[in-house]
Amino acid sequence: MSYRIGIDLGGTNIAGGIVNENYRIVAKASVPTGVGERTAEGIAAAIADLCAALAAKAGVTLSDIGAVGIASPGIADHDNGVVVYSCNLPFRNFAIVDLVRKATGVANVHVENDANAAAWGEAVAGAARGTKNSVMITLGTGVGGGVIIDGRVFSGFNFAGTELGHVVIEQGGALCGCGRRGCWEAYSSATGLIRMTREKTEACKKEGRATLLEKVAAEEGKISGKTAFVAMRQGDAAAKEVVDLYARYLATGITNMINIFQPEVLSIGGGISGEKQGLLDLIVPQINAEQYGSGYVTPTRICIAELGNDAGIIGAAFLGISL
């Protein structure tokens, strides 16, 4: 049995796993990233230490590890093993691969953007397994994504491509964290859904309109990405308006992605994907109606991603292979 290590580097935690040749995680652990306390070199050292701890946990040595892959936020130059820039980590043209290679003794080390690594995980072992062209989007705090073309991660000539959440779908619309207005992320992220839910709750208060939104939020302790869906299932009309609006924006963005890339599979991950078939039932008919060539071309299969929070670990572990 051969083993690979996948590292999912986040702003709060560094998660890692040893993955076997059947794409199964056999050991898993995490440590705090220590942003603000650790230098870039310190974070690389923490990754190397985590690799050693994972090997010990799995009962193997680092010499038994065939590869280490690192999924990092930001712009990752996978050709040269460098994180060019990460806004939340102290990485500026940081040669992370060389440092981890030297510290672990593992020669085969790779780095990739974290969203791209998650999309790669779904391509090699998840919802898009068996295909060479796929797109994965993640609906969380933002809208992330990754694109696989002809069996390879697509990242543009400068490794900064596929920022899928920052295509504009509402000209002059809501302000996005990137500074633009009307980005898909501002409408289809959990953050966008929370904003729309809050706006509807406040509008109902002003109009004296009955709604369960406030009651559901109180039961949850806050307005969340689930609030409108929960209230809608309880028969609330205002909540259904929020969900329908959210679904329209989400379907519009996904249709754009399909029209650009024509993937065999488009999978949806992130917190909102927890709505599963209920979410697909809302968006797929809209996408099918608006997709270019609908009725004449083989349609993209739209599904919920399969690997959950493990997508980044598994995808990172199998960087450097070919589909």
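1. Contacts of Ile-137. Leaving aside residues up to four places away in sequence, Ile-137 touches Gly-144, Gly-145, Leu-164, Trp-184, Leu-250, Ile-254, Leu-266, Ser-267, Ile-268 and Gly-269, where contact means heavy atoms within 4.5 Å. The model is predicted: local features need pLDDT of at least 70, side-chain atom pairs count only at pLDDT 80 or more, and totals for chains, interfaces and linings use all residues. Residues are numbered from 1 along each chain as its sequence is written, and side-chain values use heavy atoms, with hydrogens and water left out.

2. Nonpolar cores. The largest nonpolar core has 43 residues, and those with the most contacts inside it are Ile-137, Ile-254 and Ile-268. Its largest share, 12 residues, comes from helix 8 (residues 237–261). A second, separate core of 31 residues includes Ile-7, Val-60, Val-83 and Val-100. A nonpolar core is here a set of buried Ala, Val, Leu, Ile, Met, Phe, Trp, Tyr and Cys residues joined through side-chain atoms within 4.5 Å; buried means under 20% relative accessible area, exposed over 50%, and partly exposed in between (1.4 Å probe, protein chains only). In soluble globular proteins, nonpolar side chains tend to be buried together.

3. Strand 12. Because five of the five residues of strand 12 (residues 265–269) are buried, this strand is largely enclosed by the rest of the structure. Val-265, Ser-267 and Gly-269 point one way from strand 12, and Leu-266 and Ile-268 point the other way. Helices (H or I, at least four residues) and strands (E, at least two) are DSSP runs, numbered from the N terminus.

4. Neighbours of strand 12. Strand 9 (residues 134–139) runs parallel to strand 12 and is joined to it by five bridges; two strands pair if DSSP finds at least two bridges between them. Within strand 12, Ile-268 is the residue opposite Ile-137. Strand 13 (residues 301–304) is also parallel to strand 12, with four bridges between them, and Leu-266 has Ile-302 of strand 13 as its bridge partner. The chain passes from strand 12 through helix 9 (residues 277–290) to strand 13 in a right-handed β-α-β crossover, that is, with the strands pointing away from the viewer, the path from the first strand over the helix to the second runs clockwise.

5. Strand 4. Seven of the eight residues of strand 4 (residues 65–72) are buried, so strand 4 is largely enclosed by the rest of the structure. Six bridges connect it in parallel to strand 1 (residues 3–9), with Val-68 as the bridge partner of Ile-5. Strand 4 also pairs with strand 8 in the parallel sense, over five bridges; there Val-68 stands opposite Val-109.

6. Glu-112. This residue is found in strand 8 (residues 109–113) and counts as buried, at 3% relative accessibility. Its side chain makes a polar contact with the side chain of His-78 at 2.8 Å (a pair of N or O atoms within 3.5 Å; within protein, one must be able to donate a hydrogen and the other to accept it, and residues adjacent in sequence count only if both atoms are side-chain atoms). Glu-112 and Ala-76 lie 36 residues apart in sequence, with their C-alpha atoms 5.3 Å apart.

7. Cysteines. The count of disulfides is zero, a disulfide being a pair of cysteine sulfur atoms within 2.5 Å. The closest cysteine sulfur to that of Cys-87 is in Cys-178, 11 Å away, which is too far for a bond. Cys-87 is exposed, at 55% relative accessibility, whereas Cys-303 is buried, with a relative accessible area of 10%.
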